[in-house]
Amino acid sequence: MFITIRNKKMQLPIIQGGMGVGISLSRLAGHMAGLGGMGVISAAHPGYAYPGFETQPFETNLKAIKEEIKKAKELAAGKGLVGVNIMVAMRRYGEMVKAVIEGGADAIISGAGLPLELPKYTKGHDILIAPIVSSARAAQLILRTWDKRYGRTADFIVIEGHEAGGHLGFKEEDLVADHCQDNETIFNEVKAAIAPFEKKYAYEIPVFLAGGMYDGKDLAHALQLGAAGVQMATRFICTEECDAALAYKQAFVNAQKEDIVLVKSPVGMMARAINNPFVQKLNAGKRIERTRCYQCLIPCDPKTTPYCITEALIRAVKGDVEDGLVFCGSNAYRNDGIYPLFQVVNQIMQECEENL
Ligand SMILES: Cc1cc2nc3c(=O)[nH]c(=O)nc-3n(C[C@H](O)[C@H](O)[C@H](O)COP(=O)(O)O)c2cc1C
């Protein structure tokens, strides 16, 4: 299954979603690309384990992202694509985009806010750009802004539904009451919203569905709807190649359906995580002391935020799954073991073919 996005090619219709902090770095992304998909490194503190991070976090992150892209490209050995996920809510967004371009990534995928200015930074460079959207309204707003201000459109789009992991683009009341739009409805509405831009730019924008995409049946269904493929994240955590500590992966293997809960992020958005003593403290309204401020998120006010999300995510990726924040998608409980990535991908592709 070849997929062409502008001048770039993938051999599989699967994007491995970017996962911060440190869950998807060069090892997972490079191996994913090596199998022919798009491997995505998260730009949320990629330097957390690099020397210098504690004293100069931002500068270390810039150095780390370039290093991680280089390593991923080496692992990919010319196959698939290597992308980077950059959250709009992160401070010094433009500087990070510049580093990613210099690092030689194939694509930037950007969400957790509206990436209205992304084309300004990528102009004149050979890099694909894609927004992550959770509604047709957001897709229309982004594409209209890109068209008016920069005379261009998206190279591809990722739709992230309410079953996703990490930050969620849905209101708390809708998530709690299970009133969110389903992926199929959002997909159809997004397709209608982007049609005028596809016509104007004579380019069919590939759309990837994300959030709760877990097996080959989900992939087959997405393709039947007219998607170019899927973006999956939770499914790839329980692989040998995932960059997180073994305890993080094991927390997924051990999780039951009822352990998957919602939490509030200092970004101001809701997020999904595995229930643990840390989440219980948060949801009981307790403030969790932090040791410092990394000045990473624009919407986070260290004076009022009940916890530092960077510290909580770093504890988790290093294996402290009791006092860390273990982000996960709604399907986390379905992971029953830790497998080599190629085995997981082969299973998804085989199941997909059986269901097409
Ligand atoms: C542990 C974890 C961390 C994530 N971190 C990010 C992130 O830093 N930026 C982002 O845009 N999305 C992030 N996501 C969302 C994923 O990239 C992906 O779109 C989503 O989880 C897809 O749903 P799935 O997990 O059900 O496959 C994260 C998801 C998980 C599970």
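View 1. The model is predicted: local features need pLDDT of at least 70, side-chain atom pairs count only at pLDDT 80 or more, and totals for chains, interfaces and linings use all residues. Residues are numbered from 1 along each chain as its sequence is written, and side-chain values use heavy atoms, with hydrogens and water left out. A polar backbone atom of G20 lies 3.1 Å from a nitrogen atom of the ligand. The side chain of N85 places an N or O atom 2.9 Å from a ligand oxygen atom. For Q231, a polar side-chain atom is 2.7 Å from an oxygen atom of the ligand. The protein buries 97% of the 610 Å² that the ligand exposes when taken alone (Shrake-Rupley method, 1.4 Å probe).

**View 2. The shell around the ligand.** Two or more residues each come from β5 (81-87), β11 (229-232) and α9 (234-237); helices (H or I, at least four residues) and strands (E, at least two) are DSSP runs, numbered from the N terminus. Of the 24 residues around the ligand, G18, E160, G212, Q231 and T234 come nearest (near: a heavy atom within 4 Å). The shell comprises 11 nonpolar, 11 polar and 2 charged residues (Ala, Val, Leu, Ile, Met, Phe, Trp, Tyr, Cys and Pro are nonpolar; Asp, Glu, Lys and Arg charged; the others, Gly among them, polar).

**View 3. Packing of helices α1 and α2.** Helix α1 (residues 26-34) packs on helix α2 (residues 57-76) at about 35°, with the axes 7 Å apart (axes are lines fitted to C-alpha atoms over the stretch in contact; angles run from 0 to 180 degrees between N-to-C directions). S26, R27, G30, H31, A33 and G34 of α1 meet E68, K71, A72, L75 and A76 of α2 (contact: heavy atoms within 4.5 Å).

**View 4. Backbone of two loops.** G20 and V21 are joined by a cis peptide bond, with omega about -10°. V21 is in the loop between β3 (14-16) and α1. R6, in the loop between β1 (3-5) and β2 (8-10), is a non-glycine residue with a positive phi, near 55°.

Methods. A polar contact is a pair of N or O atoms within 3.5 Å; within protein, one must be able to donate a hydrogen and the other to accept it, and residues adjacent in sequence count only if both atoms are side-chain atoms.
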